[in-house]
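I opened this model to go through its elements and contacts one at a time. My notes follow in the order of looking.

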Amino acid sequence: MKINFLLTVVLFLVFQSAGAQVYYTKNGNVTFFSKSPLQDIEAENNQVISVMNIQTGELQFSLLNNAFHFPKAKMEEDFNENYMESNKYPRSGFKGMVTDINAVDFTKDGTYPVAVKGDLTIHGVTKTITAKGAIIVSKGTISAVSSFTVFVKDYGIKIPNIVSNNIAERIKISVNCSYQEK
Amino acid sequence: MDWKTAGYRNEPGFLNQNSMGMRKKILINILLLTVMLFSTVALIGFIIWNKPHRSVRDATAVETNAVALYHALSHDSATMKTFFLNKVVAVSGKIKQVQQNREGARVILLETSIPGASVNCTMEENTGSFKAGNTIQIKGICIGYINGDPDIGLPGDVFLTRCYTSF
């Protein structure tokens with residue numbers, strides 16, 4: 001009986017401490033920027049779910065492609081229908097690690113540069129990427145920022161020749177998330 | 001009688017001048033038509049390129065409530081997805097929490113039947129005051145459901161963007 005009670009207490013404490021290591025947001029921000037001779041295109045998505053384990057460094061993001069909001073309706077339509085094929089591939093995501101999570105002191109305010117490595121899935125194609133970023137600890141809150149570049153052809157996204165001057169082959173993706181404790 | 005016998009022989013420049021004038025006219029007409037065609041195509045292109053985003057506020061909405069919408073989209077039903085996805089929906093429900101996103105926009109979370117799961121509504125305007133526990137109807141574009149992380153017991157949310165309150 002005593003052993004069972006002790007085991008329950010230990011398990012409770014283990015789960016409690018594990019829970020405190022996990023942070024999440026359901027309204028993270030991801031933007032992408034395409035610079036081309038004819039026009040710059042920028043779109044924003046504020047409906048990004050991200051989970052970060054500050055003990056193991058595990059990090060994941062998931063978003064719906066049709067949540068990207070463009071300045072022009074036609075850009076949004078082309079993005080979803082012609083390039084991302086959002087009906088066929090509704091989600092994009094990332095699953096990986098903050099490889100140097102131990103360098104971050106989560107008890108002390110500061111901006112800690114970190115490196116991230118993992119699998120990025122866009123348009124149904126998964127590629128391993130590495131990116132630099134930073135974890136910001138401020139008054140008990142944790143946020144993370146990163147930006148990196150992807151090549152559209154790596155993800156099987158076809159840009160017709162007729163609009164190739166409008167859309168860059170390299171797209172800059174920026175991530176900006178404020179986390180809360182799970 | 002052909003032109004040779006009609007006295008034109010005495011006016012050697014007449015045919016050339018006449019023909020040149022006709023050619024010029026035809027060329028000018030072709031040029032004008034081309035310019036008009038290009039202008040029309042350019043105008044249509046300009047109108048299409050600059051067409052405004054659909055007006056959520058004025059759109060006819062599919063009416064539902066937060067519990068039903070969450071259930072429909074989180075259960076991967078193809079029929080329900082077709083019914084709600086990318087449509088303007090008017091969702092009624094109880095406010096669980098009001099937050100701000102990284103851009104400073106207000107995010108209203110509507111309660112569902114699953115603890116920790118919400119209909120997550122990003123508001124277009126930061127007007128009005130909203131309190132947890134109040135019942136509200138929100139109109140916005142339903143973009144879909146994102147899974148949470150079952151390993152850590154984090155349920156997913158259903159997301160609405162460009163939202164307004166509707167009464």
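**Entry 1: a lysine in chain A**

I started at Lys74(A), which I found in helix 2 of chain A. For elements I used DSSP runs numbered from the N terminus: helices are H or I with at least four residues, strands are E with at least two. The model is predicted, so I kept its limits in mind: local features need pLDDT of at least 70, side-chain atom pairs count only at pLDDT 80 or more, and totals for chains, interfaces and linings use all residues. Residues are numbered from 1 along each chain as its sequence is written, and chains are lettered from A and ligands numbered from 1 in the order in which they are written.

I then listed what Lys74(A) touches, leaving aside neighbours within four places in sequence: Ile48(B), Trp49(B) and Lys51(B). Contact here means C-beta atoms, placed from the backbone, within 7 Å. I also checked one distance in chain A. The C-alpha atoms of Lys74(A) and Asn87(A) are separated by 17 Å, and the two residues are 13 apart along the chain.

**Entry 2: the interface**

Next I took the whole interface. In it, 22 residues of chain A are in contact with 27 residues of chain B. On the chain A side, two or more residues each come from strand 1 (22-35), strand 2 (40-53), strand 3 (58-64), helix 2 (73-83) and strand 8 (170-181). Strand 1 of chain A gives the largest share, five residues. By class, I read nine nonpolar, nine polar and four charged residues on this side. The classes are: Ala, Val, Leu, Ile, Met, Phe, Trp, Tyr, Cys and Pro nonpolar; Asp, Glu, Lys and Arg charged; the others, Gly among them, polar.

**Entry 3: the chain A barrel**

Chain A has two helices and eight strands. Along the sequence I read α-β-β-β-α-β-β-β-β-β. The eight strands close into a barrel in the order 1-2-3-4-5-6-7-8, with antiparallel pairing. Strands count as paired if DSSP finds at least two bridges between them. The twist averages 25 degrees from one strand to the next. For such angles, axes are lines fitted to C-alpha atoms (for helices over the stretch in contact), and angles run from 0 to 180 degrees between N-to-C directions.

I looked at one pair. Strand 6 (residues 125-138) and strand 7 (residues 141-151) of chain A are antiparallel over six bridges. Ala134(A) stands opposite Val145(A) in strand 7.

Two totals for chain A went into the notebook. Of its 182 residues, 32% count as buried. Of its contacts with a separation of 6 or more, 57% join residues 24 or more positions apart.

**Entry 4: strands of chain B**

I moved to chain B. Strand 3 (residues 106-111) is mostly covered, with five of its six residues buried. Strand 2 (residues 88-100) pairs with strand 3 in the antiparallel sense over five bridges. Ile95(B) has Leu110(B) as its bridge partner. These two strands form a hairpin with five residues between them, and Gly104(B) in the turn has a positive phi of about 85 degrees.

Strand 3 of chain B also pairs with strand 4 (residues 118-123), antiparallel over five bridges. Leu109(B) is bridged to Asn120(B) in strand 4. In this hairpin six residues lie between the strands, and Gly116(B) takes a positive phi near 85 degrees.

How do strand 4 and strand 6 of chain B run, parallel or antiparallel? They run parallel, joined by four bridges. Met123(B) pairs there with Cys163(B). Strand 6 (residues 157-165) is mostly covered too: seven of its nine residues are buried.

**Entry 5: the core**

Last, I looked up the largest nonpolar core, which has 64 residues. Such a core is a set of buried Ala, Val, Leu, Ile, Met, Phe, Trp, Tyr and Cys residues joined through C-beta atoms within 7 Å. Leu69(B), Val91(B), Val119(B), Cys121(B) and Leu160(B) touch the most other members. Strand 5 (residues 135-146) of chain B gives the largest share, six residues. The contacts of Val91(B) include Leu69(B), Leu110(B), Val119(B) and Leu160(B).

Definitions and conventions:
Contact = placed C-beta atoms within 7 Å. Buried ≥ 20, exposed ≤ 12 C-beta atoms within 10 Å, placed from the backbone.
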